[in-house]
Amino acid sequence: MKKFVLLHYGFEKPTPEIMSAWGKWFESIKDNMVDMAGPFIGGREISKAGTRDLPLGPDSITGVTTVRADSLDEAEKMAQGNPFISSIRVYEVMTR
């Protein structure tokens, strides 16, 4: 199986309903989940132009989930069941 990273975008103050929906989603993918990180609570972007704070908002990366799947299509199907705030981006992790 291949590995895919799901980048979760968008911040909204968590409600009990949102937390419940996330719990159900994590339960539904638990057999394919490799790792998860988040929720993120802020950060900084470092570029050649300097450093800037990254406040939480609709464009923020708020978490990362790594899953095992046979294909990008299969990983996308897992992501579609997520109660995301703005969007999820799915990337295949290159193996060496």
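Asn82 is buried, with a relative accessible area of 5% (buried means under 20%, exposed over 50%, and partly exposed in between, using a 1.4 Å probe and protein chains only). This residue sits in the loop between α2 and β6; helices are DSSP runs of H or I with at least four residues, strands are runs of E with at least two, and both are numbered from the N terminus. Leaving out residues up to four places away in sequence, Asn82 touches His8, Trp22, Trp25 and Ile88, where a contact means heavy atoms within 4.5 Å. The model is a predicted one, in which local features need pLDDT of at least 70 and side-chain atom pairs pLDDT 80 or more, while totals for chains, interfaces and linings use all residues. Numbering runs from 1 along each chain as its sequence is written, and side-chain values use heavy atoms, with hydrogens and water left out.

Zooming out, the protein chain has 2 helices and 6 strands, which run β-α-β-β-β-β-α-β from the N terminus on. Its C-alpha atoms fill a box of roughly 40 × 40 × 20 Å along the principal axes. Of the 96 residues, 26% count as buried. Among contacts with a separation of 6 or more, 77% come from residues 24 or more positions apart.

Helix α2 (residues 72-80) has Ala75, Met78 and Ala79 buried. Looking down the axis of α2, these buried residues fall within an arc of 100 degrees, so they line one face of the helix; the arc is that of the directions from the helix axis to the C-beta atoms. As a rule, an α-helix has 3.6 residues a turn, so residues three or four places apart point the same way. The cover over the buried residues of α2 includes β1 (2-9), α1, β5 and β6 (87-93). On the face turned away from the buried side, α2 carries the exposed residues Asp73, Lys77 and Gln80.

Next come the pockets. A pocket is an open set of points on a 1 Å grid over the protein atoms alone, where a 1.4 Å probe fits, with protein on both sides within 12 Å along at least five of seven lines; lining residues have an atom within 4 Å of a point. Grid points are joined across faces, edges and corners, and a volume is the space filled by probe spheres set on the points. The largest pocket holds about 420 Å³ of space. It is lined by 22 residues, and those closest to its centre are Met19, Trp22, Gly38, Pro39 and Thr62. At least two lining residues come from each of α1 (16-29), β2 (33-37) and β5 (61-69), with α1 giving the most, 5 residues. By class, this lining splits into 14 nonpolar, 7 polar and 1 charged (Ala, Val, Leu, Ile, Met, Phe, Trp, Tyr, Cys and Pro count as nonpolar, Asp, Glu, Lys and Arg as charged, and the others, Gly among them, as polar).

The second largest pocket comes in at about 180 Å³. Its lining has 5 nonpolar, 3 polar and 2 charged residues, including Phe40, Leu54, Asp59 and Arg52. Arg52 lies in strand β4 (residues 50-54) and, at 47% relative accessibility, counts as partly exposed. Neighbours within four places in sequence aside, Arg52 is in contact with Gly43, Arg44 and Glu45. The side chains of Arg52 and Glu45 are joined by a polar contact of 2.7 Å, that is, a pair of N or O atoms within 3.5 Å; within protein, one must be able to donate a hydrogen and the other to accept it, and residues adjacent in sequence count only if both atoms are side-chain atoms.
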